[in-house]
Amino acid sequence: MDRLWQAPGGGGVNALGQRIAALIAAQGPITVAQFMTMALHDPQYGYYAVNDPLGDGGDFLTAPEITQIFGELLGLWAAQCWHDQGKPPSARLVELGPGRGTLMCDALRAAKLMPAFSAAIEVVLVETNPVLQKAQEATLAECGLKIRWSPTFDATLTDRPLFLLANEFFDALPIRQFVKTDRGWCERMVGLDTNGGLAFALAPAASSIAIPMDRGPAELGAVYEAAPAATAVMEDVARTIAQKGGAALVVDYGYGANAGFGETFQAIGEHQFKPLLDEPGTVDLSAHVDFGALARAARENGAVSYGPANQGDFLIDLGSVGRGERLGQMMQVDRLTNPVQMGALFKALAILPNGAPKPAGF
């Protein structure tokens, strides 16, 4: 194993870190994806299993928490797609990773401008965190619609037209990392250093992976990140939309075509970057979304993709400026749309069935 980098101070000092270290000592190094899964979803210590990470008192702030305008515009976007596809009488509105329920609350309030849409939909929130589910229940208690929850996007959500919203969901799905070496693309692993702490290392043998042609040539040391879990979710979503109708809107930070190579795996705690391997379970782990890969997965499963468009352009096209002026929230709108803030790093990708009208914002 080639040693690459050790987290400052060593990893594995807390209970979950010790559990991960014991697993590695027993069976050998684990992939970055396995480390992410344990750090984020361990039932007892996982970051998303036991924490409320959102808001000023949490570790990060998402667009729906910045202004109601974001959720309102996404709700109207979904309602318009439903209208454009002939107003199917039995449809489902699903949100992946719904946070505290703020986005869905704002989306449903705005969607009341199209009462037939509200009457036609079943609302489902895909959530695994019991702390956040309680927050969602409280936020949506007065929305006037029945809400149900599902721990995953599964077969129960694929039997009717699907209108799906996903804001900052795909960035938290596990990734695998590969590094270009003189012996080929070797997977980055999490192993142990000489002191028993968590440390990054490279697998000794090269992996057989297909690098997208649009990435271009890779120099030694280049890092390629793959997100098979994200691709699998998109395949199920796109297949449902292609066969049953509907629309999906993915908003997240990431990159589109001509992405090249680079490392985006990061840890965030208390609104600051943190060491990746220190104190697993206490910080959020994420990576930039490969929108090109999501779009390819959608097309390969029979759907049509639009974008990715910069979040700023997308929201402005939907009317964020006028709404911000009416509510006196132009500072918040600027934060979401200004290219030097969230407007360019965050992007929007739409998935629709073949033959459906082009959606607003693209």
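Reply: About 30 Å³ of space lies in the second largest cavity. This is a predicted model, in which local features need pLDDT of at least 70 and side-chain atom pairs count only at pLDDT 80 or more, while totals for chains, interfaces and linings use all residues. Residues are numbered from 1 along each chain as its sequence is written, and side-chain values use heavy atoms, with hydrogens and water left out.

A cavity here is a set of points, on a 1 Å grid over the protein atoms alone, where a 1.4 Å probe fits but cannot get out, and a lining residue has an atom within 4 Å of a point. Points are joined across faces, edges and corners, and a volume is the space filled by probe spheres set on them.

The second largest cavity is lined by Pro212, Asp214, Arg215, Gly256, Ala259, Asp290, Gly292, Ala293 and Arg296. Helix α10 (residues 291-300) gives the largest share of this lining, 3 residues; helices are DSSP runs (H or I, at least four residues), numbered from the N terminus. By class, the lining has 3 nonpolar, 2 polar and 4 charged residues. Ala, Val, Leu, Ile, Met, Phe, Trp, Tyr, Cys and Pro count as nonpolar, Asp, Glu, Lys and Arg as charged, and the others, Gly among them, as polar.

The structure holds 2 cavities of 30 Å³ or more. The largest has about 40 Å³ of space, and its lining is made up of Ile175, Glu225, Ala226, Ala227, Tyr255, His288 and Asp290. The lining of the largest cavity has 4 nonpolar, 1 polar and 2 charged residues.

Note on methods. 1 Å grid on protein atoms, 1.4 Å probe; cavity = no way out; pocket = protein on both sides within 12 Å on 5 of 7 lines; lining within 4 Å. Helix = DSSP H or I, 4+ residues; strand = E, 2+ residues; numbered from the N terminus.
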